Structures are given as C-alpha cells and as structure tokens.
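Hi everyone, thanks for coming. Let me put the structure up on the screen, and then I'll walk you through a few spots.

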Amino acid sequence: MKSNHGLLCLLFTLCTTLLFAQPKPNEVVTGSVSGVVLDADLNQPIPYATVVITSGEQTITGGITNDDGAFEINKIPEGIYTLRVQFIGYEAFERDLKIDRDHRKHDMGNLNLSAVPAELDAVNIVAERTTIEQKIDRKVINVGKDLTTAGASAADIMNNIPSVNLDQQSGALTLRGNSNVQVMVDGKLSNIPADQLLKQLPSNSIKKIELITNPSAKYNPDGMSGIINIVLHKNVNIGFNGDVSAGLAYEKNPQFNSGLNLNYRNGKFNLYSNYSNTIAKRANYGTIFREGDNSTQFFDMLNDQNSHLLKVGLDVYLNDKNTLSVFTSQNSFKGTPGGNINIVYADDMTRNLMQDFGADMDNYSQQYNFDYKLDFEKEGHNIEFEADYNTFDADEDTFFDFTGATPLPDYEDFVDTKRDRTTLNLDYVNPLSESEKLEVGLQAILFNTDIGYSSTGQSFNAEGDLVPTPNTLFDYSRDIYSAYVTYGKNYEKWSYQAGVRAEQVNVAADTNSVRAFTNDYFELYPSAYVTFNPSEKNQYQVSYSRRIDRPGVGQVNPIREWSSPLVTEYGNVNLRPQFTNSLEANYTRSLDKGSITAGVFYRIIEDQINQAVYVDRFNLDRMVLTNDNFDSTTAYGFEVSANYKPTEWWSLNASFDLFSQTQTGISESLDPDIENPTAADIMLTEREVTNSIFNTRIINNFTATQRLTFTAFAMFRGPAESIQFRNKSMFMTNVGARYSIFDGKGTISLNYNDIFNTMKARFTAVSPYRVEGQFNWESNTIYVGFNYRFGDSKFRAKKRKNRDDNEKDGGGLF
C-alpha cells in the first residue's frame with residue numbers, strides 16, 4: 001500500500017507540473033534582443049546608431065545604441081521580424097529575428113557596419129549663397145560662400161548684413177541705425193571690445209548671424225536695438241578633423257588674418273581648439289575745415305596692430321542624461337596707433353599748430369566657462385547650470401608732442417584698465433505637453449572695472465590756472481540679479497509666447513576713493529510673441545519687448561577718453577540708463593525660388609542718452625564732448641529683404657531698410673560775428689533733430705562652373721543727421737570670385753573691394769562751430785583668401801546639447 005501510494009503521489013505531481021507548464025490560451029509572449037554595433041574597419045563602437053524592429057513596412061519598436069555601441073530592446077511581441085541597424089555614413093545592416101516561447105531572448109553579439117564609399121564634408125558644409133529666415137524671435141542670416149568671399153574677418157562682412165552697419169573708422173557697430181547693441185559669439189558675451197573681436201573672427205568660421213531685435217525675457221535686456229549673435233560652425237564628425245585658413249588684404253598696407261581649428265570627437269568626449277590672429281596696418285586720413293577762423297585740420301594716422309585669439313574646450317558625455325562642458329578663451333592684443341594732426345590757419349599763420357602722437361596699447365582677456373546639463377526622462381525636459389568668469393587687463397601709454405603756437409608743453413598719458421565679470425546661470429525647461437513649454441531661470445552678473453590715470457602734462461584748475469594734471473582712479477561696479485519665466489503654446493496655425501524678467505541692479509562709482517555716484521533700481525522687462533501661419537508659404541508675427549541701455553564705462557568715466565588740439569571727450573558719472581519699449585511686426589512669404597521678409601518697428605525711448613557738446617571754458621577754441629539724459633523720444637523703421645534664384649546659375653539677395661529717430665541734445669556755440677568772444681558770450685542751445693537713415697544692399701552670385709563662382713555686391717547708405725554732424729551718403733561696390741580645389745576640400749577666394757573708391761565719411765556741422773570734413777580709410781583693397789578642410793569624416797555624432805546650436809524654440813541663448 002505504501003509503495004502504491006508513493007507511486008500515485010509521484011504521478012499526480014508530474015501531471016500537475018506538465019499541466020501548469022503549458023502556456024495559457026491568453027498568455028502574451030514577448031522577447032528581447034541585444035547586441036553591440038561596431039565599425040567594421042576600426043572595430044570601435046558606434047554610439048547613437050538607430051536600431052529598428054520592423055514587420056514588412058510597419059515599424060514595431062526600436063532604440064539607439066549607447067556610448068559603448070550597445071543596445072537592448074525589450075517587450076517585443078511574438079512574431080517574425082527584421083532587425084535593421086543604420087547610421088549616417090554606413091551601409092544599413094539587417095538580420096531576421098523570431099520571437100516565440102522558445103526564442104524569447106536574443107543576443108546578436110557584435111554587429112559590424114561598413115562605411116559607405118562616399119565621404120562627407122570633413123568639417124563645415126557651407127551653402128553657396130546666403131539666405132535669410134524669420135524665426136519667432138530673430139532674423140537668421142545663414143552665411144554662404146558669397147559673404148565669406150568678401151573678406152578675411154567678421155568685420156569685413158558686417159556691412160553686407162541687412163540692418164547692420166559697421167563704421168570702418170571707429171569700429172562702432174549699429175543695428176537699425178542704433179549703436180546700443182549687444183554683440184555675442186555663440187551666445188556668449190566677452191570683455192573683448194566688439195570692434196577688436198570682429199576683426200579677429202575669420203569670416204569662413206561663421207555659420208550664421210542672428211539679429212535678435214526683440215529678445216525674449218530669457219535674454220539679458222541690455223541693448224536698445226537688440227542683440228547680434230554670431231554663431232560659429234560646430235564640428236559634429238567623429239574622429240580627428242580640422243581646417244586652416246589665411247587671408248591677405250592690401251591697399252596701402254598689408255592686413256593679414258589666419259585661423260586654425262582642430263577637433264577630436266568620439267562617443268564619450270569632444271575636444272576642440274580654435275586659434276585665429278590678425279596682423280595689420282590700417283591707415284586713416286582726413287581733413288576738417290572750420291569756417292569761423294578759416295582753419296583746416298589735417299589728420300594722418302596709422303594703426304599697427306596684432307592680435308591672437310585662442311579657445312580650447314572639452315565636452316564630456318557622462319551618459320545619455322548628463323553632459324559636462326568646459327572651455328577657456330585667451331586673447332592678446334597689441335596696437336601702436338600714431339600720426340599727426342596739423343592745424344593751419346589761413347588768415348594767421350602764427351597760430352599754426354602740429355600735434356604728433358603715438359601710443360602703445362596692450363590688452364589681455366581671459367574667459368573660463370563651466371556648464372553642466374541634466375536631461376530628464378521626458379524629451380526636452382532639462383536643467384542646466386553655467387558659470388562664466390571673464391577678465392580684461394589693458395595698458396595704454398600715449399605721448400603728445402606739439403610744434404607751433406600752444407600754451408601746453410609736450411606730455412604723456414598713462415591709463416591702466418582692469419575689469420572682470422562673473423556670470424552665473426541656472427535654467428530649467430519643461431515641455432508641459434506637445435504644444436506647451438515652460439522655461440524659468442535665475443542669473444547673477446557681477447561686473448567691476450578699475451581705471452587708473454596719470455599724466456606728465458598740465459591742466460587748468462577751477463580758477464583757470466595751469467597746474468600739474470592730478471592722478472585719477474575710477475572704480476565702477478554693477479551687480480545684476482535677475483529671474484525670468486516664459487510660457488509658450490502652439491495651437492493649430494497659431495503660436496504664442498509670453499514672459500517677464502525681473503532685475504535688481506546695484507551700481508556704484510568711486511573717483512579717487514570718494515563715492516561719486518550710486519544708482520540702485522528694480523525693473524520688470526516683459527516680452528510677448530504671436531505667430532500666425534495660415535499656410536506653408538505665409539507667416540505673420542507680432543512681438544513686444546522692454547529693454548534697457550545701461551551707460552557704458554566710457555560714458556561715465558570722468559577720465560578723458562579722447563583728445564586732439566581742438567576736441568576732448570569725457571564721461572558723465574551721473575548718466576542714468578535709458579529704457580525702450582519696442583513693438584514690431586513681420587511678414588514672410590516663401591516663393592518657389594526664394595523668399596521675402598518685410599517688417600516694421602516702433603520704439604518709445606525713456607530718459608534718452610545722447611551727446612552734449614560744450615565749449616571749453618579754459619580755451620574757447622576747444623570743444624568738450626560728453627553724454628547726458630534727455631526727455632523721452634520715439635523711433636520707427638521699415639525693413640524688407642529677399643533672396644531669389646532666377647536661374648540655375650544666378651541667385652541674389654537684396655535688402656532695403658529705413659530708420660528714423662528724433663534725438664535731443666545740448667549744444668553750445670559762439671556767435672561768429674564776435675571778434676574776441678569770452679565765456680560770457682557762449683550760447684546754450686537744446687537741439688532736436690529727426691535722424692532718418694536708409695540703406696540698400698544687393699549681392700549677386702553667378703555659377704560659372706561646378707568649381708568657379710563669381711560675386712558682385714553693391715551698397716548705398718543714405719545721408720544721416722545727428723546732434724552734432726550731418727553725414728553725407730556712402731556708396732560701395734565689390735566684386736569677387738571663388739574657386740574650389742583639392743576635390744572640394746579647399747577654396748581660393750579673390751575679392752576687389754570698393755572698386756570705385758567711393759567709401760568715405762563726409763560730414764558737415766553747424767554747432768558749436770561751422771565745419772566741413774572728410775575721412776578716408778583703406779577700403780579700396782584687394783583680398784586673397786585660402787581655406788582647407790581635413791580629417792576623418794566617416795560618420796557624425798549626435799548633438800548632445802541644445803545650446804550647441806543656439807537656436808531654441810521660443811527661447812533664447814544661455
């Protein structure tokens with residue numbers, strides 16, 4: 001009985017086990033597949049390759065490889081499939097895959113991808129022609145080969161950009177006729193002066209130029225006319241890549257520019273370095289005729305300068321969610337401007353005076369940047385922290401020697417400038433849904449500058465007596481603490497974004513350790529955008545923003561900024577910021593062979609900053625230039641730009657812009673009918689001038705062969721009037737050619753600028769003296785440039801950071 005009972009128990013247990021081992025009728029069988037994707041030639045992992053599971057034409061599921069080239073796809077339903085692996089630059093790999101109860105888990109091992117025979121461009125794929133796009137918060141000029149042919153540096157192509165003008169004498173950059181503009185490179189501010197920076201950036205390193213005229217609340221509100229952001233090419237190729245360039249322009253003196261970019265990238269990190277230099281001599285000469293005393297000033301100046309800019313950076317991709325980046329930028333500049341100013345009095349030669357001057361100017365700038373970004377599970381959901389430290393040290397030693405009638409002996413000025421800026425950013429982005437996005441952030445900008453001045457010369461004191469010029473130390477600090485929030489939503493053909501930025505600003509200025517000025521203020525800066533896209537070919541946009549123009553150090557610095565025998569410029573320590581409320585509307589129409597964009601803007605300017613011109617109380621022949629605040633005013637403008645390709649061999653870009661602003665300023669003058677005027681005869685006049693400027697540009701590109709292209713550019717800048725001067729019109733015509741060599745990896749450019757030699761500054765003035773003048777510079781130049789690209793170009797890496805392309809939906813740059 002015992003043995004039969006044991007046998008029955010054994011049979012019952014076996015039957016039960018077999019019964020429960022059978023699949024249930026409704027059980028869903030799923031499986032998984034894993035493997036490692038490798039380069040067949042290099043035997044190295046390929047990160048971010050696409051792995052897709054398909055059934056016929058239908059995609060079932062998929063994924064991407066990680067930094068080590070590995071992948072694993074789970075929860076694949078039962079069935080017979082095709083596993084497909086693909087990556088740009090490689091032939092696709094396919095293998096059959098079966099999932100059932102007996103084949104639930106598949107380890108594919110190493111999957112080798114073979115590179116396609118054709119190579120991709122190693123570093124930069126540059127479009128043949130420049131195009132213009134209207135984004136939600138900016139106008140984007142995609143720089144083509146037609147612009148890079150224009151010259152060696154960014155400064156050479158700025159006058160070819162719609163709504164932008166660059167003064168070749170002073171280096172002042174204006175946007176929509178206004179010089180209150182912020183200049184950024186890849187979304188970063190620099191302590192390097194803008195005119196110096198633009199001459200150092202090679203033109204062929206520029207991918208696009210963004211004109212952000214109504215920035216969102218995510219941006220700093222500085223700059224009344226907006227932001228010019230220069231976006232450089234980024235290398236996204238795996239392996240070692242680089243390019244080298246050089247350019248030479250010549251009229252009277254050589255102007256040389258060169259650059260070298262190196263990059264090594266793999267799945268874990270990206271190491272890069274950029275170097276550029278400028279070695280140039282630039283002549284500037286002109287005359288100013290003063291009607292009252294029948295005198296003429298002859299200016300003859302030459303600036304011999306060289307600069308070097310080096311940037312080294314590292315991006316570390318810790319994993320799919322964490323990215324760490326660091327870079328440092330080092331810049332050195334040395335200039336030796338010099339020349340003479342000869343003043344000739346036609347009616348009294350005994351008053352003739354010549355001033356010889358020369359300077360040694362050195363400055364060194366350093367930038368250190370740290371960035372950490374964390375991506376969350378949801379696509380586009382991230383938080384990012386950035387710290388940036390920037391320093392600038394400059395020394396300037398200038399001598400002034402006089403010959404002829406002058407009460408002042410020869411003397412030297414010594415100016416030592418030190419400034420630093422620390423910027424801390426914390427930005428958070430959360431896509432609330434497929435059509436909504438929320439962005440919030442905090443920022444602190446701590447800025448300080450110390451300027452020390454000493455002189456061997458003499459100055460007039462308050463009693464009008466000559467005394468040794470006292471030493472001056474000017475210390476200026478400005479701390480800005482801000483927070484912002486923006487919210488954006490898409491709804492069918494409509495999209496909108498609204499935001500506000502709150503700022504607390506603390507400003508303090510000390511002269512010789514005595515508090516000269518303080519200004520603490522709290523402000524809100526709202527912004528809003530509405531876009532309507534009724535069809536693929538039409539886009540309408542309306543935007544609003546409030547901005548501020550904070551006085552620059554030069555505008556508040558009481559130490560003299562510039563001096564000639566008849567003109568001296570000082571800053572005004574009591575200068576307050578001016579505020580701008582800006583409203584604009586744009587329309588973009590896509591054409592079959594191009595596009596056209598038109599827009600209008602209107603600004604209301606509060607506490608307007610403008611120039612004040614005074615007569616020097618200690619020498620009535622001299623003028624004193626400074627700045628002051630005036631009543632509110634308005635400005636408006638109209639712009640239209642288009643790019644069109646009439647034929648396969650001819651394309652063109654054209655633009656027209658008109659800007660008008662009413663300016664108010666103070667001007668002093670002397671009655672010319674009084675023979676021996678005194679300070680009591682000075683007349684104070686508040687002048688109001690409506691300044692209207694119009695510009696037009698056209699670039700024509702002609703394709704002769706697959707390798708050879710020609711470019712013709714023309715620009716006209718209309719007359720303009722300011723508080724002090726009436727500037728006459730300017731006209732320039734350039735022609736150029738570009739030839740491709742070394743199987744498209746190299747290019748040679750030849751350009752002849754200002755072929756009619758018409759680019760000159762001509763002006764008149766009535767206050768405080770009637771004058772007429774003209775200045776010339778080296779614009780009639782021949783330019784020769786060379787660029788060569790090299791390196792491995794088998795496949796490209798995935799972009800890991802949104803800030804790499806500096807173009808965010810409805811947002812801004814960090």
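Let's start with an open sheet of three strands, in the order E4-E1-E7 and with mixed pairing. Strands here are DSSP runs of at least two residues, numbered from the N terminus, and two of them pair if DSSP finds at least two bridges between them. The edges are strand E4 (70–77) and strand E7 (105–113), each pairing on one side only. From one strand to the next, the twist averages 20 degrees. Strand E1 (residues 30–39) runs antiparallel to E4, joined by six bridges, and Val-33 stands opposite Ile-73 in E4.

A quick note: this is a predicted model, so local features need pLDDT of at least 70 and side-chain atom pairs pLDDT 80 or more, while totals for chains, interfaces and linings use all residues. Residues are numbered from 1 along each chain as its sequence is written, and side-chain values use heavy atoms, leaving out hydrogens and water.

Next, where is Asp-510, and is it buried or exposed? Asp-510 sits in strand E27 (residues 494–511). Asp-510 counts as buried because its relative accessibility is 17%; buried means under 20%, exposed over 50%, and partly exposed in between, with a 1.4 Å probe and protein chains only. Setting aside neighbours within four places in sequence, Asp-510 is in contact (heavy atoms within 4.5 Å) with Leu-473, Phe-474, Asp-475, Arg-515 and Ala-516.

Finally, look at Val-784 in strand E46. Val-784 counts as partly exposed, because its relative accessibility is 41%.

Conventions: Helices (H or I, at least four residues) and strands (E, at least two) are DSSP runs, numbered from the N terminus. Axes are lines fitted to C-alpha atoms, for helices over the stretch in contact, and angles run from 0 to 180 degrees between N-to-C directions.
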